[in-house]
Amino acid sequence: MTTAATATTDELLTVPEVMARLKLGRSTVYDLIRSRRLTSITVGRARRIPVDSVRDFISYEIGEAA
């Protein structure tokens, strides 16, 4: 059984998880967040990036490369 909290947690990634998915370094991920190319939220002191934001970023970059 999936709860709303579990679904929400699965939809948010940590910076290290985004680093691993995009094969990028920490400062590059933070640069993407700062330049608003990746959307993020702050929960307390933790930065979280929605999975959809990562997917949108990849789609946009693929479109730009074509």
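A word on exposure before you click: buried means under 20% relative accessible area, exposed means over 50%, and partly exposed is anything in between (1.4 Å probe, protein chains only). Keep in mind that this is a predicted model, where local features need pLDDT of at least 70 and side-chain atom pairs count only at pLDDT 80 or more, while totals for chains, interfaces and linings use all residues. Residues are numbered from 1 along each chain as its sequence is written, and side-chain values use heavy atoms, with hydrogens and water left out.

Start with the charged pairs. A salt bridge here is a side-chain nitrogen of Lys or Arg within 4 Å of a carboxyl oxygen of Asp or Glu, and that rule gives 3 salt bridges. Helices (H or I, at least four residues) and strands (E, at least two) are DSSP runs, numbered from the N terminus.

**Stop one: helix 4.** Select Asp-52 and Arg-55, whose side chains meet in a salt bridge at 3.2 Å, N to O. The two sit 3 residues apart in helix 4, about one helical turn. Asp-52 is partly exposed at 48% relative accessible area, while Arg-55 is exposed at 52%.

**Stop two: helix 3.** Now pick Asp-31 and Arg-34, both in helix 3 (residues 26-34) and 3 residues apart, about one turn of the helix. Their closest N and O atoms are 2.5 Å apart, making a salt bridge. Asp-31 is partly exposed at 42%, and Arg-34 is exposed at 61%.

**Stop three: a link across the sequence.** Which parts does the next pair, Glu-61 and Arg-37, tie together? Select both and you'll find a salt bridge of 2.5 Å, N to O. Glu-61 belongs to helix 4 (residues 51-65) and Arg-37 to the loop between helix 3 and strand 2 (41-43), so this pair connects parts 24 residues apart in sequence. Glu-61 is partly exposed at 27%; Arg-37 is partly exposed too, at 42%.

Most residues other than glycine have a negative phi. Stay in the loop between helix 3 and strand 2 and click Arg-36: its phi is positive, about 65°, although it is not a glycine. Arg-36 counts as exposed, at 75% relative accessibility.

Then go to Lys-23, in the loop between helix 2 (15-22) and helix 3. Its phi is near 55°, another positive value in a residue other than glycine. Lys-23 is exposed, with a relative accessible area of 71%.
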